[in-house]
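Subject: Handover of a structure and findings on its side chains

Dear colleague,

Please find the structure below. A summary of what was found among its side chains follows.

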Amino acid sequence: MTASPSRRRTLRRGADFAAAGLATAERAAAIDLVAERYAVAVTPALAAAIADPQGALARQFVPDARELLAHPADRDDPIGDHAHSPVKGIVHRYPDRLLLLPLLTCPVYCRFCFRREQVGQAPALSDGELDAAVAYIAAHDEVWEVILSGGDPLMLPPPRLGALMRRLAAIPHVRTIRIHSRIPVVDPARISDGLVEALEVERAVWLAVHANHADELGPEARAACRHLSRAGIALVGQTVLLRGVNDDPAVLEALFRAMVECRIKPYYLHHPDLARGTAHFRLPIERGQEIVRALRGRLSGLAQPCYVLDVPGGHGKVPVGPVYYRDGEVEDWQGGRHRYPDPRR
Ligand SMILES: *Cc1c(COP(=O)(O)O)cnc(C)c1O
Ligand code: SF4
């Protein structure tokens, strides 16, 4: 597609979206109102990829007036990050692993973001804050895995990212480093040789790629994933189940097949969190279970993620079914029921 000038810079205001053909004048006014409350950004590459202003990509990234609606279930801290933050930039909920959030910036802002009250609003950790966070990790020898999240950790300039990776890899009890990122999908040009080298440290490095629709895995994204996996970085996928985007077994089937073709093992299918102004993306858990049930059998086991809910209040992630065994009876992939002679306890 030939890029018009309006498509070469990041879209942040209503007028930018209108000029890119992604919003009417009325919608552009609503986008400006949303942008006063939440971070808004769409990269030129992503804007060019949004072929249909009503499609799955547009729904994830183009601001919507419904984001300004309050829903009684909404929360400012939907997964209880604040309840488990001993030091700025650290969320330590489980004994063996913790989150390190070096920055809260992303190249694009997803309209359903669970950290939307923070992303794009705060500066990156200062050198002193980062030192304190790394010191916390070094002082807690139960921490086997450090998970870089944010924001998007791959926004760090490669030399800074490399320095952080090496500091973490130098802590003897930290055996695994996981990075959660949307960049391979939304800004694949950033997966440069320098960035990949920054990730190559003497530890198992895992990258959790956030993608919600097969249309996000175009040729550039696939090339970025290949670059990462050739460097020995293990790839897993995380997907948010979103009404109007991917709440359909055929859509998820195409996504999870595309992931496996890119050597990304689908890991989690997240039920949407109770972030403010995102009620229009939510669907009943029972509907999610039906969708997941429909995928079983028609899709390779390699391509099946675990459907999870992050329990509000900071109680962690819990698989939410569906359940295939109950009271001595199992259900097969076609819905057939069978007795299973389970021994008594
Ligand atoms: C999601 C999350 C993790 C990682 O959980 P896994 O089930 O290991 O993927 C760790 N810590 C916090 C605070 C989290 O929110
Ligand atoms: S990439 Fe992640 S942190 Fe950034 S806006 Fe999207 S959901 Fe939020």
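In this message, a residue is called buried when its relative accessible area is under 20%, exposed when it is over 50%, and partly exposed in between (1.4 Å probe, protein chains only). This is a predicted model, in which local features need pLDDT of at least 70 and side-chain atom pairs count only at pLDDT 80 or more, while totals for chains, interfaces and linings use all residues. Residues are numbered from 1 along each chain as its sequence is written, chains are lettered from A and ligands numbered from 1 in the order in which they are written, and side-chain values use heavy atoms, with hydrogens and water left out.

Aromatic rings

Rings of Phe, Tyr and Trp (its six-membered ring) are paired if their centres lie within 6.5 Å; planes under 30 degrees apart count as stacked, over 60 as edge-to-face and the rest as tilted. The search of the whole structure returned two aromatic pairs. One of them joins F112 and F281 edge-to-face, with 5.7 Å from centre to centre and 80 degrees between the planes. F112 belongs to the loop between β2 (97-100) and α5 (127-139), and F281 to the loop between β7 (264-270) and α11 (285-295), so this pair ties together parts 169 residues apart in sequence. Helices (H or I, at least four residues) and strands (E, at least two) are DSSP runs numbered from the N terminus. F112 is buried at 9% relative accessible area, and F281 is buried at 4%.

Y267 and Y268 make a stacked pair, with centres 4.0 Å apart and 25 degrees between the planes. Y267 is partly exposed at 29% relative accessibility, whereas Y268 is buried at 18%.

R97 lies over the face of Y94, 3.8 Å from the ring centre. The charged end of R116 sits over the ring of Y38, at 3.7 Å from its centre.

Salt bridges

A salt bridge here is a side-chain nitrogen of Lys or Arg within 4 Å of a carboxyl oxygen of Asp or Glu. The whole structure contains 26 salt bridges. One of them is between D127 and R160, at 3.1 Å from N to O. It links distant parts of the chain, with D127 in helix α5 and R160 in helix α6 (residues 158-169), 33 residues apart. R160 is partly exposed, at 34% relative accessible area.

A salt bridge of 2.9 Å (N to O) joins E145 and R178. E145 is in strand β3 (residues 145-148) and R178 in strand β4 (residues 176-181), so the pair ties together parts 33 residues apart in sequence. Both E145 and R178 are buried.

E290 and R287 also form a salt bridge, their closest N and O atoms being 2.9 Å apart. These two residues are three apart in helix α11, and are therefore separated by about one helical turn. A network of salt bridges links D81, R93, R115, D310 and K317.

A buried arginine

Yours sincerely

Notes. A charge sits over a ring if NZ of Lys or CZ of Arg is within 6 Å of the ring centre and within 35 degrees of the ring normal.
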